[in-house]
Amino acid sequence: MSETNQTKVEPMQCYVPEVNAQAEFLEICNDFTEPREIVREAISNGFDAGAKNVTISAHVDRTTGVDELVLRFHDDGHGMDEPSLKAFFSLAKTTRMQTDERGFKMSGAIGEKGHGTKIYFNSRKITVNTVKDGTMIEAVMENPRAKLRRGEMPVVEFFSRSVDAPNSTTIIVNGYNDNSLGGFGHEALKDYILWFTKFGSCEILVGKTTFQDVVLKLLGLGWTSNDPEQISFGHRFPEEKSDLTSLRKSDKISPLDYFVARWVFPDVPVDDKPGSKIDIVFSLEGDQAKRISNPMLHEKWRSWREGEYNVEDRYGLWLCKDFIPVARKNNWVAERSEWTKYHAFVNSQDLRLTANRSNIDNTPSRDLAAIQKTVERVFKERIRLDRKFQSYQDELEKQQMYKNAEAEEKDFLRRKKEASSKKAATYKGLTLLEPRQEGGVFSIVMQLLAVEPGLFGFSVVDYDTAFGYDLLVTTDTALELNRAALRFVEMKFQLQRDFNHSFRKLSAVICWDTKLANEDAVEDMTGAKRKMKITSPKVDKSLRYQKYMLVSDTESHNIEVFVLKEFLSEHLSCEFRPRSQ
């Protein structure tokens, strides 16, 4: 082939994608939809700098001809050197993010993306004065917001000099957020700090005391004293008061209004995610108890003050990173309006936040699912089954049923109507009523045991229907109690696939009915599984009734299930009929 017929190959070209810096800076600024996030960032920077004292003030300056909002942030942390100062004003240039060779975060720094401080750009002027190890740097950025809107990059002018002064950083922001004053009133700003910044962290309750001595001094708009209010570190919870007997002495009508119970679970391993842990602080609080520790809750009969909110706007279950609340997940632990009683926080350092830290959308769905599964398990097994929670629920049901005379009269008529239509059976002089709930099953069993002690093949040693298993029993009737083999018996209205106790020490289950079929799996609270085996008298001629057993391939004992609806009919010829018959 001649040279003239050969195709000429052009050299490969390369292109490095470019970034419109002005547009990116402006976009990041606009991402911060809550103006007080600038306070959150200032506090986080103070903590990352190792500060022991943080001062925040807001005032209005009228010397420029307009009512200009001025914010001042000061901390006595280790200050900034020139690289740190440049990182402060730059985008995604943080000097605090440290990772190991596998990419895992090593430092405890809150700031890690280099985006947070860009909220300062939403202003007329930024002034920074910082001292680090004898060197002071003064820096000024003029009109950052206006320049970005014109498509220009703002410039930082700075100089440094040697000084004999302690390390510190002071930042003054003039003309912030188009001088909108909303949210910067003293009480509203204090509330925001105690809920949505590092300073309001609940970490002390889980044993993390690194920052417990940090002090914040606050002068919000409208604060009348020349001296700032001094605020101690940590989120505000009401004092625990869960003894209903004592609470009734203070309030006979509504003792639950002042009820407070708290559960704290530090370093809980995350299900399906080895190596990951979460911290859980869960508080169950009555309406008046909340108001004692939270003055920003609105009272119905009062006019609204700046920053006030309703219970449903703030309470529930919050997901946190660095113990700073980010997103509510009330549906993980409650249905309907039940979550308004909860004051709960779940902290996970595995959450991946958006640039402005406003949501958890960057978190992989599998990680979030693992956290949810863990929280639901802890709530179901360690909180809902606790005596304090159960006593609250029982009292709440009573209050809701008998909250006034009219409701009580309606309930009386309802119960009378239901009683007249209820099915009943007779056995050896007993009148047995068809149950509607677990308590009815317990009543039938105890009546039958009074006239037929050996009916179920065990003797009752003790019973407790308020917590845990219902019956403690033994089959060793000839032995002394302290030598007898003891096991549990649990009662259910309807036996289902999920069993909220362990199979390990369970001898039997007594239920009114079950929809489980032969070979259906039943899982206990530990994850152990058994299969339902149903044997008919037609198959085994020795049986007087259809037998249900929860069997295991690995455990030595099986668990008999007495389905009363069938057992009483087949074994005792005890039929339930309408009372009219």
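Q: How many disulfides turn up in the whole structure?
A: The search finds 0. By the way, this is a predicted model: local features need pLDDT of at least 70, side-chain atom pairs count only at pLDDT 80 or more, and totals for chains, interfaces and linings use all residues. Residues are numbered from 1 along each chain as its sequence is written, and side-chain values use heavy atoms, with hydrogens and water left out.

Q: Is Cys202 buried or exposed?
A: Buried, with a relative accessible area of 7%. Buried means under 20% relative accessible area, exposed over 50%, and partly exposed in between (1.4 Å probe, protein chains only). Cys511 is buried too, at 0%.

Q: New topic: which residues touch the most other members of the largest nonpolar core?
A: Ile38 and Tyr120, out of 39 residues. Such a core is a set of buried Ala, Val, Leu, Ile, Met, Phe, Trp, Tyr and Cys residues joined through side-chain atoms within 4.5 Å. Helix α2 (residues 37–48) gives the most to this core, with 5 residues. Helices (H or I, at least four residues) and strands (E, at least two) are DSSP runs, numbered from the N terminus.

Q: What is Tyr120 in contact with, leaving aside its neighbours within four places in sequence?
A: Its contacts (heavy atoms within 4.5 Å) include Ile38, Phe73, Phe88, Ile126 and Val173.

Q: And Ile126, what's its bridge partner in β6?
A: Val173. Strand β3 (residues 125–132) is joined to β6 (residues 168–174) by 7 bridges, and the two run antiparallel. Two strands count as paired if DSSP finds at least two bridges between them.

Q: Which other strand is joined to β3, and by how many bridges?
A: That's β4 (residues 135–142), also antiparallel, with 8 bridges. The hairpin has 2 residues between the strands, and Asp133 takes a positive phi near 50°.

Q: Last one: what's the strand order in the open sheet of 8 strands?
A: The order is β16-β17-β18-β19-β23-β22-β21-β20, with mixed pairing. β16 (459–463) and β20 (521–523) stand at the edges with a single partner strand each, so one side of each has no neighbour in the sheet.

How values were computed:
A disulfide is a pair of cysteine sulfur atoms within 2.5 Å.
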